[in-house]
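Subject: Structure for you to look at, with notes

Dear colleague,

Please find below the structure I wanted to hand over to you, followed by my notes on what was found in it.

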Amino acid sequence: MNEYIKARIDARKNALTDAYQISEKLQKEIDKLFLEIEKFGATCTDAGDFETKFAASPLNQKYIDLFTKAATINTTSTAA
């Protein structure tokens, strides 16, 4: 995989895992999604190609949904 694509994927994963406390169950979901994203990234020619295709991909929405889920879990647990 292109190193710049890998860096962009890692940045997304780190944004998620560094921002929130991640349970073991949620970590499994994250790992599963990022395996899919890495496979997808391996099909792209460069970082620009990846970003363009990822934005239109269902994986992007899955990433947003997972980010929202992590935020919701963390907000709920800190409010309790």
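The chain as a whole has a mean pLDDT of 92, and 92% of its residues reach 70 or more. This is a predicted model, in which local features need pLDDT of at least 70 and side-chain atom pairs count only at pLDDT 80 or more, while totals for chains, interfaces and linings use all residues. Residues are numbered from 1 along each chain as its sequence is written, and side-chain values use heavy atoms, with hydrogens and water left out.

Helix α2 has 19 residues and reaches 27 Å from its first C-alpha to its last, close to the 27 Å expected. Buried in α2 are L26, I30, L33, F34, I37, F40 and G41, and because they cover an arc of only 105° around the axis, they lie on the same side of α2. The face turned away from that buried side carries the exposed residues E24, K25, K28, K32, L35 and K39.

The largest nonpolar core has 16 residues, and those with the most contacts inside it are F34, I37, F50 and F54; such a core is a set of buried Ala, Val, Leu, Ile, Met, Phe, Trp, Tyr and Cys residues joined through side-chain atoms within 4.5 Å. The elements giving two or more residues to this core are α1, α2, α3 and α4, with the largest share, six residues, coming from α2.

There are also six aromatic pairs in the structure, counted where ring centres of Phe, Tyr and Trp (its six-membered ring) lie within 6.5 Å, with planes under 30 degrees apart called stacked, over 60 edge-to-face and the rest tilted. The rings of Y20 and F67 have their centres 5.6 Å apart and their planes at 80°, so this pair is edge-to-face. Y20 lies in the loop between α1 and α2 (24-42) and F67 in helix α4, so the pair ties together parts that are 47 residues apart in sequence. Y20 counts as partly exposed at 22% relative accessibility, and F67 counts as partly exposed at 23%. The rings of F40 and F54, with centres 6.3 Å apart and planes at 55°, form a tilted pair, which links F40 in helix α2 to F54 in helix α3, 14 residues apart. F54, at 1% relative accessibility, counts as buried. Finally, ring pairs link Y20, F34, Y63 and F67 into a cluster.

With best regards

Notes:
pLDDT = per-residue confidence, 0-100. Helix = DSSP H or I, 4+ residues; strand = E, 2+ residues; numbered from the N terminus. Buried < 20%, exposed > 50% of the residue type's maximum accessible area, 1.4 Å probe, protein only. Expected span 1.5 Å × (residues − 1). Arc of directions from axis to C-beta.
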